[in-house]
Amino acid sequence: MTTFDPRTAALADLREWAQNQATARQRLLAAAWRAGVRNVAELSRTAGVSRDTVYEDLRRESIDPTKRSTMPTITALSRRAQVREHLSRIIAAAPLRASRDDHVDLAVYDRQVQQLEILWLLFGRDEVAEFYSSWLSDEIAEQAKTAIGLTSWSDAPMSTAPIPRWNRDRHGFLCVGCGDSFWHLASLNVSLDRWCKSCARDLEELQPSEVWEPRRPDIHGNLEFPGLLPDEPRDNMLHVQVTAGPPMDLVLGEANAFLLAEGWMGLTADENRQLGGPFDAATMDATGTAAPAGGPEFMWTASFVYDRSPQGWHKTAYGFRLVTGTLSSAAGVQSFDDAFQMLDTIALSAKRDQR
Ligand SMILES: [Zn+2]
């Protein structure tokens with residue numbers, strides 16, 4: 001086991017940012033173009049650069065902006081877009097709350113956690129935490145416009161630290177003062193620094209009126225995650241032996257949820273998976289069973305196609321993407337073209353008190 005060195009991790013973060021920063025704008029512009037935004041004025045306005053710069057960036061990404069009609073449009077959503085769409089909807093199921101607000105609706109919370117688990121199975125905790133962290137920053141900035149300071153320190157929740165302690169905090173869930181406890185409070189000044197109660201009161205010597213408590217989703221605690229370092233694996237891989245050449249690793253992608261969801265809803269996967277097609281557009285067919293507690297027994301089938309399109313800053317492939325899936329039970333057969341929906345159907349059929 002290697003000893004964790006926070007200085008090395010901080011430098012790795014900085015290096016990753018610097019390397020990606022240089023080409024981030026052109027890649028994001030190209031992604032917007034490929035997603036169907038063909039209005040150069042709109043791209044220029046959104047990116048805050050001149051139209052000439054937009055043209056240059058697109059050409060650097062091998063896109064000829066004069067050939068509008070012949071460019072293929074990618075309709076499949078990126079992983080980040082999927083996480084954004086699903087997580088925004090999951091969060092919206094319940095009002096945001098501060099610690100002194102009304103009690104949590106446990107039935108709604110239970111369902112939120114269940115759907116969050118599906119997102120983790122499909123895209124991993126780090127990717128979900130990364131999107132949540134940026135969503136939360138926007139949300140806090142919005143709430144700050146009407147925030148009112150506390151009247152007394154007794155209104156602030158106690159400082160609590162993760163158990164076990166984290167040796168990193170890549171998504172900003174810990175207090176900026178101690179880096180040890182979770183934050184519960186934000187400064188009322190423009191910086192919106194996030195503090196734990198002890199640090200705000202004792203270290204920073206703020207007055208209660210100088211801090212406020214942002215309202216957060218009930219599932220905030222479930223979403224807190226220390227994050228992965230740049231060199232840590234973020235995707236499960238499928239090790240493939242091709243007939244000619246060395247073995248290859250393919251990103252499991254959505255297939256991860258079906259093949260490796262150990263213990264989730266009694267899901268099992270058969271050993272005999274059919275891999276086919278050319279290596280850069282591989283297909284995979286898998287089958288198995290699911291037995292949600294108190295629910296029906298399902299037989300499932302799932303067909304995936306390998307999506308090589310690079311995702312986010314990490315530029316790893318999307319991985320296997322569900323094309324079609326079926327769920328068969330005594331009640332009949334249902335077909336799906338969306339992995340989240342298919343897994344959510346299994347989850348919904350579990351008896352609530354046995355989940
Ligand atoms: Zn602190």
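**Exercise 1. Compare the span of helix α6 with its expected span, and determine which of its residues are buried.**

Solution. Step 1: α6 contains 20 residues and extends 28 Å from its first C-alpha to its last, close to the 28 Å expected at 1.5 Å a residue. The expected span is 1.5 Å times one less than the number of residues in the helix. Helices (H or I, at least four residues) and strands (E, at least two) are DSSP runs, numbered from the N terminus.

The structure is a predicted model, in which local features need pLDDT of at least 70 and side-chain atom pairs count only at pLDDT 80 or more, whereas totals for chains, interfaces and linings use all residues. Residues are numbered from 1 along each chain as its sequence is written, and side-chain values use heavy atoms, with hydrogens and water left out.

Step 1: Buried means under 20% relative accessible area, exposed over 50%, and partly exposed in between (1.4 Å probe, protein chains only). The buried residues of α6 include Val-128, Phe-131, Tyr-132, Trp-135, Leu-136, Glu-139, Ile-140 and Gln-143.

Step 2: An α-helix has 3.6 residues a turn, so residues three or four places apart point the same way.

Step 3: The buried residues of α6 are covered by elements including α4 (79–92), α5 (106–123), β2, β3 (211–212) and α8 (220–223).

**Exercise 2. Describe the chain as a whole: its elements, its extent and its domains.**

Solution. Step 1: The chain has ten helices and eleven strands. Its C-alpha trace spans about 65 × 60 × 45 Å along the principal axes.

Step 1: Of the 355 residues in the chain, 43% are buried. Among contacts (heavy atoms within 4.5 Å) with a separation of 6 or more, 62% join residues 24 or more positions apart.

Step 2: The C-alpha centres of domain 1 and domain 2 are 28 Å apart.

**Exercise 3. State whether Gln-21, Ser-44 and Asn-222 are buried or partly exposed, and place each in its helix.**

Solution. Step 1: Gln-21 belongs to helix α1 (residues 6–34). Its relative accessibility is 40%, so Gln-21 counts as partly exposed. Gln-21 and Leu-11, ten residues apart in sequence, are 15 Å apart in space, C-alpha to C-alpha.

Step 1: Ser-44 is in helix α2 (residues 40–47). Its relative accessible area is 13%, and therefore Ser-44 is buried. Not counting residues up to four places away in sequence, Ser-44 touches Val-49, Ser-50, Arg-51 and Val-54. The C-alpha atoms of Ser-44 and Ser-303, 259 residues apart along the chain, are separated by 40 Å.

Step 2: Asn-222 is in helix α8. With a relative accessible area of 17%, Asn-222 is buried. Leaving out residues up to four places away in sequence, Asn-222 touches Tyr-109, Val-113, Leu-116, Trp-120 and Arg-125.

**Exercise 4. Locate the largest cavity and explain why it lies between two domains.**

Solution. Step 1: On a 1 Å grid over the protein atoms alone, a cavity is a set of points where a 1.4 Å probe fits but cannot get out; a pocket is an open set with protein on both sides within 12 Å along at least five of seven lines; lining residues have an atom within 4 Å of a point. Grid points are joined across faces, edges and corners, and a volume is the space filled by probe spheres set on the points.

Step 1: The structure holds one cavity of 30 Å³ or more. The largest cavity contains about 40 Å³ of space.

Step 2: The residues lining the largest cavity are Gln-82, His-86, Leu-122, Phe-123, Glu-254, Asp-338, Ala-339 and Phe-340. The elements that contribute two or more residues to this lining are α4, α5 and α10 (339–348).

Step 3: Because domain 2 (79–223) and domain 3 (237–354) both give residues to the lining, the largest cavity lies between them.

Technical notes: Domains from an automatic or database assignment.
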